[in-house]
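Hi,

Here is the structure I promised you. Have a look at it first, and my notes follow below.

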Amino acid sequence: MVADVTTSPAVGAPSGDPLLPRPFRVVDVRRDTHDTVTMDLRSLDGDDLRFAPGQFTMLQAFGVGEVPISVSGDPARPRALTHTVRDVGGVTRTLCAVAPGDVLGVRGPFGRGWDVAGGAGGDVVVVAGGIGLAPLRPAVLAVLADRASFGRVTLLYGARSPAEVLFGRELERWAAGHGVDVEVTVDQADPSWAGRVGVVTELVPGARFDPERTLALVCGPEVMMRYVAEALTTRGVPARRVRLSVERNMRCGVGLCGHCQLREHLVCVDGPVFSLDQVRRQLAVKEL
Amino acid sequence: MQTVGDLLTAHPFFAGLDERLVRELERCSRNVHFHIGEVLFREGENADRLLVIRRGRVALDVHVPGRGEVVVSTVDAGEVVGWSWFVPPYTWFFDARAVTEVSAVSVDASCLRDRCDADPVLGYMLMQRIAQVMYQRLQAARLRMLDLYEADHGG
């Protein structure tokens, strides 16, 4: 019997004043796609930034602005703070242009994460779309670090095109060496692509997992998450065991400013990860 | 040794179909295999069969002037290729190509239509399944039109 799970409390909590950014130096930058980079940061004050998979930080380019970015690194290696950032303009454009040696401000980590450990004893299905794979990477790494505690592990990933698939080599490693069923589908491709073409929701009906004993972790565009959640519950995964990472204009990170309010929830402290039964109604409201 | 009827019975597309109806379909069916890169059919050709994919992956391609071949969709094991056989003028709308080694049951379209005409129960059962496939593909196509992953958020 798999215990019911709730989203994890904030395992990683900001040290010091959560409203003051800590300086972190960029130590490595890797270009993932034409508009996405992954960077490793190291704190200048020497303290590691411990985080739970699914948490985010407020990442600041000094003099430009601050944005919420999920941690995409390995929770077992907190010395390096890893973020994957997509250039969608504004602050993210500056962040995507950083080079080793640059200094950024970091507040956090904030919020509640995926609570991967709560799914132990059952199957895990990870469903990601686009940049949504980045916040799920720490969850996958946490599962793989304790692989024997989980049953079947499945990762379903949708991207626009083969060139925009994130962490491609890592996906291959997870499939080849860690017993993860990885299925990648893209919206468009030329005939050199041997993978699937279609939307990620189409992968759910054919995926192999035991629905009642499955913890499902979903991150991507909200429309995608709605339909994936529907496909998962249609398969029989209980709504309380379907987790979604919700983005809502996080600013302060500590529940003070109210910018990220989603009805009764403040996403920065109650989320960003919610169970489907917590947010199902809100996701269907157009004005929220 | 599995018969073609056994292969049809084991396929998700025909799940729950009465044994008698499967045997009727069997008379229209044969086992086929395609090698990697082999073309199953081409756009504009006579849509003369329903392909029930048992193993492998099939790509549906279209030639776009200036862009070359574009894959519009893929069909995997457990799914079926094609409903052009079912809608006049019975011509394929896309090319189909084997991405991997593909094993399938090929159901002759003319035979299939004749049997559906002669046996409305079989026709209805089959149409239910085809409608389900069409519904899923239509929903998927609509979602893809949204270009969901374009600059959704920064991370």
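What covers the buried residues of α6(A)? The cover includes α4 (222-235), β12 (242-245), β13 (261-262) and β15 (273-275) of chain A. Helices (H or I, at least four residues) and strands (E, at least two) are DSSP runs, numbered from the N terminus.

Before more of that, some housekeeping. This is a predicted model, where local features need pLDDT of at least 70 and side-chain atom pairs count only at pLDDT 80 or more, while totals for chains, interfaces and linings use all residues. Residues are numbered from 1 along each chain as its sequence is written, with chains lettered from A and ligands numbered from 1 in the order in which they are written.

Back to helix α6 (residues 276-283) of chain A: A:Leu276, A:Gln278 and A:Val279 are buried there (20 or more other C-beta atoms within 10 Å of a residue's own, C-beta atoms being placed from the backbone). They lie on the same side of α6(A), because they cover an arc of only 140° around the axis (taken from the directions from the helix axis to the C-beta atoms).

Now the chain contact. Chain A puts in 34 residues and chain B 24, with contact meaning C-beta atoms, placed from the backbone, within 7 Å. On the side of chain A that touches chain B, β4 (65-70), β5, β10 (196-197) and α4 of chain A give two or more residues each.

Cheers

How values were computed:
Buried ≥ 20, exposed ≤ 12 C-beta atoms within 10 Å, placed from the backbone. Contact = placed C-beta atoms within 7 Å.
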